[in-house]
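Open the model in your viewer and keep the sequence panel beside it. Each stop below says what to select and what is there.

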Amino acid sequence: MKSATDGPLATALATPAATCAPPAKGEPYLLTPGPLTTAFSTKEAMLRDWGSWDGDFRAMTAQLRHSLLEIAGDTLGNEAGDYDCVPLQGSGSYCVEAMLGSLIPRDGHALVLANGAYGKRIATTLRYLGRAHTVLDKGDYLPPRAAEVERMLDADPSITHVVAVHCETSSGILNPIEEIATATAAKGRKLLIDSMSAFGAIPLDVRKIACEAFVSSANKCIEGVPGFGFVIARKSALHEARGCSHSLSLDVHDQWDVMNRTGQWRFTPPTHAVAAFMEALRLHKLEGGQPARLARYANNRDVLVAGMHELGFEPLLNARWRSPIIVTFFSPAHPSFNFELFYELMKQQRFIIYPGKLTVVDSFRIGCIGQVDEAVMRRVVQACATSLQTMGVDHAAPPAAAIEERKVLADAA
Ligand SMILES: *Cc1c(COP(=O)(O)O)cnc(C)c1O
C-alpha cells in the first residue's frame, strides 16, 4: 500500500534542500576553518573601493559593531548595553594578543586552560607580553572541567583572570565554557574567551556566560573573508584597559576610544574585508542567526561522521565533546594509507582538508563550517571513499593504539 508518506515526494520533503551554492569557477571547497568557503555574494561585495574616512564606510563599521553585539546577546546595542564591540585589523591571533595585553593588567596573573594548539598559543602570547601565567595543560583532547579550575583558583589567590578556548580547533573539542564561566565567577575571577571558531554558531550570550571579554574573527562562523577580528568586552573592562597595553597597534582601549569618537578605525581598515563581512552578516541573519547556523553545521558534522564511519573511519572525540565546527579522524592503520597522497586525491576532487595536530597518533581534520551543507558533506564522504580505493585501502579502521587513546577520553569525561 502506497500512502502520501512514501515515494519520491516524501523523500524529497524529508531531504532538506541544499542551502549553499557551490564555489564559483571550479574552486575547491575549503574544509579548513578558516579561511573557509564563502558565499558568492560575500566575495562579490569586495568589488568596489571604499574610503576609510568616508561616511558610508563609517556607517558600515557602526552597523558591524551593532550586529555583532546583537549576536552576543547584548540586544541594547552600543549605546545602552554593558558590552561593546571593538573590531581590530589582523588575523584572530592579533585580537587574542590585543585582548590579553589590554585587559590583563601588567601585575595580573592568568590561568590558561589549554587543550591544544590555540591554548598553547595563548600561553606563548602571555610569555611574550611578560604577563604572569599558569597553564592547566590537558593534553590534546581532554576538556578542562569546573572542579579543577576551582581547585587551581583556590590554590593560588594571585590569579586574576582565567583564559579559556571555546572550541579548540586543533582537535575540534567543544570546551564546557558554561561551567568554566560559572566556576570562574564563583571564585571572583575574570574570564577571557578565545571564541574564534565558535562565535556565530555556538551560543555565546553575554547575559548567560559571565565573561569579561571574548574574541572572534571575520573568517570563521560568520563566514567572512580574513582581515580582521573583534573583541567584545564589558565597557567597564574597556575603561580599565586604558594605558595597560604594551603595544600601540594592539591597544584595544585606544582603538575603542578613537572609534567611539570618530567612527573610524585608528589605522587603515581592511575595507574590502569589512564590506564582505557586512554581506556575510546579512546572510547569517537571513539564515536564522546563530541557532540556524548551529543546526546546519551540526547536521554537516552528523552526516560527515556517519558516512565516514561506514568507510571504517573513527573520530577522535566521543559525541559529547565533538564540536560542529571541525572533526578529527584517526588516519587508517592500513599500510597503503598515506596522508599526503590522500590530501592530493581529495584536492583533485575539489576538497581541501586539514592535517591533524595530535601528538600521539596520526590524524586529519575535516571542517564543517562555511558555505557547505549536507549534500556537500555526502560528496566529501564519497570523495574519501574514492581516494581510499585509489590508494588500495580497503578499510579505514584506525590502529589499535588510537582506540586505546580514545578510551582515556571516555574514562575522563
Ligand atoms: C582560527 C583560530 C585562532 C586565530 O588564528 P589566526 O590564524 O590568527 O586567524 C585562534 N584561536 C582559535 C581557537 C582559532 O580557531
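**Stop 1: the second largest pocket**

Select helix 6, which gives the largest share of the lining of the second largest pocket, four residues. This is a predicted model.

The space in the second largest pocket comes to about 290 Å³. Colour its lining by class and you get 10 nonpolar, 10 polar and three charged residues.

**Stop 2: the two domains**

Next, colour by domain. Domain 1 covers 7-30 + 289-412, and domain 2 covers 41-286, according to the domain assignment. The domain 1 selection therefore needs both of its segments, 7-30 and 289-412. Over C-alpha atoms, the centres of domain 1 and domain 2 are 28 Å apart. The contact takes 29 residues from domain 1 and 28 residues from domain 2.

**Stop 3: the largest pocket**

Keep the domain colours on. Where does the largest pocket lie? It lies between domain 1 and domain 2, because both domains give residues to its lining.

Select S67, E70, I71, H284 and G289. Among the 21 residues that line the largest pocket, these lie nearest its centre. Then show three helices: helix 3 (55-71), helix 11 (271-287) and helix 12 (289-310) are the elements that give two or more residues to this lining. The volume of the largest pocket is about 440 Å³. By class, its lining holds seven nonpolar, seven polar and seven charged residues.

**Stop 4: L283 in helix 11**

Stay on helix 11 and pick L283, which lies in this helix. Is L283 buried or exposed? L283 has a relative accessibility of 18%, so it counts as buried, since the limit for buried is under 20%.

Show what surrounds it. Leaving out residues up to four places away in sequence, L283 touches A39, S41, T42 and R293. Now draw a distance from L283 to A241. The two are 42 residues apart in sequence and 34 Å apart in space, C-alpha to C-alpha.

**Stop 5**

Before the next selections, keep one rule in mind. Most residues other than glycine have a negative phi, and most peptide bonds are trans.

Zoom to P33, G34 and P35. The peptide bond from P33 to G34 is cis, with omega near -15°. Step along to the bond that joins G34 and P35: this peptide bond is cis too, with omega about 10°. G34 sits in the loop between strand 1 (29-30) and helix 2 (40-44). P35 lies in the loop between strand 1 and helix 2 as well.

**Stop 6: two positive phi values**

Select E223. Its phi is near 70°, a positive value in a residue other than glycine. You will find E223 in the loop between strand 9 (213-217) and strand 10 (228-234). E223 is buried, because its relative accessible area is 3%.

Go on to R350. It is not a glycine, yet it has a positive phi of about 70°. R350 belongs to the loop between helix 13 (339-348) and strand 12 (351-352).

**Stop 7: the cysteines**

Finish by showing cysteine side chains. How many disulfides does the structure hold? It holds zero. Click C211, which is in no disulfide: the nearest cysteine sulfur, that of C85, is 13 Å away. C211 is buried, with a relative accessible area of 1%.

Then click C368. It is in no disulfide either, and the nearest cysteine sulfur, that of C167, is 9.8 Å away. A disulfide needs the two sulfur atoms within 2.5 Å. C368 is buried, with a relative accessible area of 0%.

Definitions and conventions:
Residues are numbered from 1 along each chain as its sequence is written. This is a predicted model: local features need pLDDT of at least 70, side-chain atom pairs count only at pLDDT 80 or more; totals for chains, interfaces and linings use all residues. Side-chain values use heavy atoms; hydrogens and water are left out. Buried means under 20% relative accessible area, exposed over 50%, partly exposed in between (1.4 Å probe, protein chains only). On a 1 Å grid over the protein atoms alone, a cavity is a set of points where a 1.4 Å probe fits but cannot get out, and a pocket is an open set with protein on both sides within 12 Å along at least five of seven lines; lining residues have an atom within 4 Å of a point. Grid points are joined across faces, edges and corners, and a volume is the space filled by probe spheres set on the points. Ala, Val, Leu, Ile, Met, Phe, Trp, Tyr, Cys and Pro count as nonpolar, Asp, Glu, Lys and Arg as charged, and the others, Gly among them, as polar. Domain bounds come from an automatic or database domain assignment. Contact means heavy atoms within 4.5 Å.
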